[in-house]
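Trainee: Hi, I'm new to this one. Could you walk me through it?
Mentor: Happy to, here it comes.
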Amino acid sequence: MLGAAGYLVGAVALGAVLAVVGCGSWRVREALLPGWQGAIARLAELVIGLFVVLTTAQVLGAIGAFDRVPVLAAELAVGAALYAGAGRPRPRQSAVVSPAAPVLGRVELAGAALGVGLVVVQWATHVAYALSKGMTYSDTMWYHQPFAARFVQHHSFSALDGVGLEAARRYPLSSPLLHALGMLAFNRDIVSPFINLGWLLLALLAAWCIGRRSGLGHVCTLGAAVAVGLPILTATQPGQASSDVAAVALFLAAVALLLESDLQPAPTAIGGLALGMALSMKITVAAPAAVLALGVVALAWRARRLSAVLWMCALGASGSFWFLRNWWLVGSPVPWFDVRLGPLHLRVHEAASAVASGQPSLAHGIANTDVWPDFYLDALWRGFGR
């Protein structure tokens, strides 16, 4: 049982890390983007803070030092270094300025608030259930949380044998890592049911920022609320350790930062951090991430080459860790595929490829009219509602 003293120590440690890293992230954002204010500024600060927390934990895990005291000391030290190193912001004529958003009417804001409030309450009820009964979703119990527990038990990321889906041991695992940080703080898992609620709020904030310059922040936020309120997400994300909503939130954050950046170097780089972290949360975001990454390079290369370079560097810095780990452990960053690039041959890793052995793809029977009534339509009703 977690006593009052243990809870107090964990809460103070967690609060101290959030405060110090938060202040450091705010100072960095002020130095890089002194003209940004409001929601978009907060979004940039959250992206910077998440990158700092995850990257510090990844480095410690890579050297076998993922333990309570080293993690606490390192997170505090890095946050303090950011705060001290960024210096005081000095506004200059070339500073990136975030344009003011059109003023919305009270009725529009009230409608958006009502819609978002309904979804937040919907998610909160699932969180309350997880707190009272436990986290019960199959993927959470199968590999997300067992992986997080192994990180804590072995102080590294290499001891995953015997738990979870074999192919999943080579997935990007920043989501279980975040849950593991909560476990370190309290020596047990009491933070995890709340984490996806935080990702929900980040997704809604990013959606607001996507539409705010056009006066459509409320519409974009409602659209995001509708998406995350669908049965397929409310049944698997709130109160669980699923990583889908984390990838969605960070992908939307990358889009929002890009739309605000006008391809200026600093905000474009922060957008690259967000996209890389989205990839480090869930491998299935790779396809849209690749399209977005190549699109930004194509748009920026001629007029803003520095922005294109910083974008790719930031993307690599925040999204490459788990792929480099795979390369070190099994000889390929993408062990699910057999890759040939000229003389370079990256062989498929047998355990990583055995994820859907013998199972047909979703498109296998899409032209079979006998399958639609019992399989496809039923799945659509269950996943998306009437």
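Mentor: We'll chat about salt bridges, then a residue in a helix, then a surface patch.

Mentor: A quick note before we start: this is a predicted model, where local features need pLDDT of at least 70 and side-chain atom pairs count only at pLDDT 80 or more, while totals for chains, interfaces and linings use all residues. Residues are numbered from 1 along each chain as its sequence is written, and side-chain values use heavy atoms, with hydrogens and water left out.

Trainee: Thanks! How many salt bridges does the structure hold?
Mentor: Seven. The term stands for a side-chain nitrogen of Lys or Arg within 4 Å of a carboxyl oxygen of Asp or Glu.

Trainee: What do the side chains of R29 and E30 do?
Mentor: They form a salt bridge, at 2.8 Å from N to O.

Trainee: And are R29 and E30 buried or exposed?
Mentor: Both R29 and E30 are buried. Buried means under 20% relative accessible area, exposed over 50%, and partly exposed in between (1.4 Å probe, protein chains only).

Trainee: Which residue does D262 pair with?
Mentor: With R213, and the closest N and O atoms of that salt bridge are 3.6 Å apart. D262 sits in the loop between α10 (244–261) and α11 (265–281), and R213 in the loop between α7 (192–212) and α8 (217–228), so the pair ties together parts 49 residues apart in sequence. Helices here are DSSP runs (H or I, at least four residues), numbered from the N terminus. D262 is partly exposed, at 47% relative accessible area, and R213 is partly exposed at 31%.

Trainee: What about K282?
Mentor: The side chain of K282 meets that of D244 in a salt bridge, 3.7 Å from N to O. K282 is in the loop between α11 and α12 (286–300) and D244 is in helix α10, 38 residues apart, so this pair too links distant parts of the chain.

Trainee: Changing topic, where is V59?
Mentor: V59 belongs to helix α2, residues 38–62. V59 is partly exposed, with 48% relative accessibility.

Trainee: Last one: which residues form the nonpolar patch on the surface?
Mentor: I232, L377, L380, W381 and F384, with about 480 Å² of accessible area together. Such areas come from the Shrake-Rupley method with a 1.4 Å probe, and for residues only the protein chains shown count as cover. Patch residues have over 30% relative accessible area and no salt bridge, with nonpolar side chains (Val, Leu, Ile, Met, Phe, Trp, Tyr) joined within 5 Å and like charges within 9 Å.

Trainee: Which helix gives the most to it?
Mentor: Helix α16 (residues 371–384), with four residues.

Key
Helix = DSSP H or I, 4+ residues; strand = E, 2+ residues; numbered from the N terminus.
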